[in-house]
Amino acid sequence: MAEIQLSTPQKRKLRSNSTPSPMQSSCAKWKSPRRCVKDCPKSHVKMQGNFGDKTINTTKSPVKKRLSESFLQKPMWNPRDVEQLNAVKEALHVSTPPATPTVVCREVKYNRILDFCKQSVEQDKAGSLYICGCPGTGKSLSIEKVKEVLVDWANESALQAPDLLSLSCTSLSKTSDIFGKILDKIQPRRKANGSMSPLQYLQKMSSQKQQSTGRKMMLIIVDEMDYLITKDRTVLHDLFMLTTFPFSRFILIGIANAIDLADRFLPKLQSLNYNPFHVERNIISDTWCCTFLGKPAVITYRAYSKDQIISILQQRLEAFPYTVFQPQALELCARKVASTSGDMRKALSVCRSAIEMLEGEIRDSIYSLQLPSLKMGLSDQQRGGACDKSPIQESGVVRVDHVAIALSKAYRSPVVDTIQSLPQHQQIILCSALKLFRGKKKDATIGELNISYVDVCKSTLIPPVGIMELSNMCRVLGDQGILKVGQAREDKLRRVTLKIDEAVITFALQGIRLFRNYLQQL
């Protein structure tokens, strides 16, 4: 009996008998840890029980905290003020450079490019760099900042600033014209020599010491470099080879969206003993050093994340002494853009469009207030007083609904409408194709698509159709320009490819509840 009493757990003391803790005194009605967390947002609640010890950190993330603090500290702006409206629109324009000395959220990559150029100028050595990444990720902006800083640094360091040449390959009528553009920058008044092409002339200049003596270094920035890819890739190789000649004075920076461009031309460059600069970090001096290796230096720009987009938008708006956007509105814009493309240009365009929504709302409100006063015969002063008391004036901040409409317009297209209006099984086929083509695979047979289709049907608890009906639906999608269906003796051997971008299909299907959770798992 005594043993039984010892093993029996003691009863918990009532809270009324215990001394109240500081948390209990600050939270009047302490019902549960979640309730107390809600009442005391800065507290850390430690839960004990069958689940073990668990610390709940309820502090907001730094980005969200800055958003809410700026919203509370600054007064609301007046969107009816034309000067304020134009200033905000200009700050959010894609062509407006940021006021910061570096590129926000791209500081590491910016410093790598700048140190690469500095070392090339200091050592009087040619070199090359390849910058790749998705559109709107800060590649061109980083280069523009580097060009500005490099010239000032060279003048302050008593070094000879390099000549700058920026080229866009989309403006070339022929890919080989790029060598003529470079030669025209070096010798603007050069007479045409029929016996020697511009490339041969540049190769000769870079091979002879007397030709390069006294000539300044030249920073050549080639944008949209993937346009130089020809069948034999000769132009692209010859361009990079210009930096390998013994007396070359060229610093080449190539920019393109294709991440695997270097891998495609790398084998031939290595066979030609191509030895460009490779950028490495010196941990002791905390600088980026250029060393000679057998592969090109590649800097990859990843798509912007949600927090990075919010930080960049905040940086553009922090100079204004008033609040323009609700924090939730900026977060919605950043979350949507980050989940689709991570393109900062798209985020800026959506924000400007949301401001125009608010502008149109104010215009409609003023007109609706002025219309009755005109019928009643009120004076201009009385009409102005009525407009000043309008509800839009009191809450003239860009709200979540404005951004939602702007996002809908930005991502809305006839293709999206077509996909969202398709029959359910045709939508499942597209969802199956997304699952099948998520890797490097870009086409599949109808038989392989059918396996993926059956898996999606099982996960969504929808009975699948037979392979013959599936083949017919693929043919219908092909007639609408969504799929491309090849020819074969048997239907299940016919190859299927997507004719539209996967991101468009993902965006269209995310608006349908049936596929939303499934797409998040892919």
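**Figure 1. The whole chain, seen through its contacts.** A contact here means heavy atoms within 4.5 Å of each other. In this predicted model, 70% of the contacts between residues at least 6 apart in sequence join residues at least 24 apart. The chain holds 24 helices and 12 strands. Of its 522 residues, 41% are buried. The accessible surface of the chain comes to about 29400 Å², and carbon and sulfur atoms account for 52% of that area.

Figure 2. How many of the residues of strand 6 are buried? The count is 7 of the 7, so strand 6 is largely enclosed by the rest of the structure. In a regular strand, side chains alternate between the two faces of the sheet. Strand 6 is covered on both faces: one side carries Phe250, Leu252, Gly254 and Ala256, the other carries Ile251, Ile253 and Ile255, and all of them are buried.

**Figure 3. The strands that pair with strand 6.** Here we meet two pairing partners. Strand 3, made of residues 127-133, pairs with strand 6 in the parallel sense over 6 bridges. In this pairing, look for Ser128, which stands opposite Leu252 in strand 6. Strand 5, made of residues 218-223, also runs parallel to strand 6, and 5 bridges join the two.

**Figure 4. From strand 5 over helix 11 to strand 6.** Which elements make a β-α-β unit with strand 6? They are strand 5 and helix 11, the latter spanning residues 234-241, and the unit is right-handed. Glu224 sits in the loop between strand 5 and helix 11. Its phi is near 55 degrees, a positive value in a residue other than glycine. Is Glu224 buried, partly exposed or exposed? Glu224 counts as partly exposed because its relative accessibility is 24%, and the partly exposed class lies between the buried cut-off of under 20% and the exposed cut-off of over 50%.

**Figure 5. Leu461, in a loop between two helices.** Our last stop is another loop. Leu461 is found between helix 21 (446-459) and helix 22 (467-479). What is the phi of Leu461? It is positive, at about 60 degrees, although Leu461 is not a glycine. Leu461 has a relative accessible area of 76%, so it counts as exposed.

How values were computed
Residues are numbered from 1 along each chain as its sequence is written. This is a predicted model: local features need pLDDT of at least 70, side-chain atom pairs count only at pLDDT 80 or more; totals for chains, interfaces and linings use all residues. Side-chain values use heavy atoms; hydrogens and water are left out. Buried means under 20% relative accessible area, exposed over 50%, partly exposed in between (1.4 Å probe, protein chains only). Helices (H or I, at least four residues) and strands (E, at least two) are DSSP runs, numbered from the N terminus. Two strands pair if DSSP finds at least two bridges between them. A crossover is right-handed if, with the strands pointing away from the viewer, the path from the first strand over the helix to the second runs clockwise. Accessible areas come from the Shrake-Rupley method with a 1.4 Å probe; for residues, only the protein chains shown count as cover.
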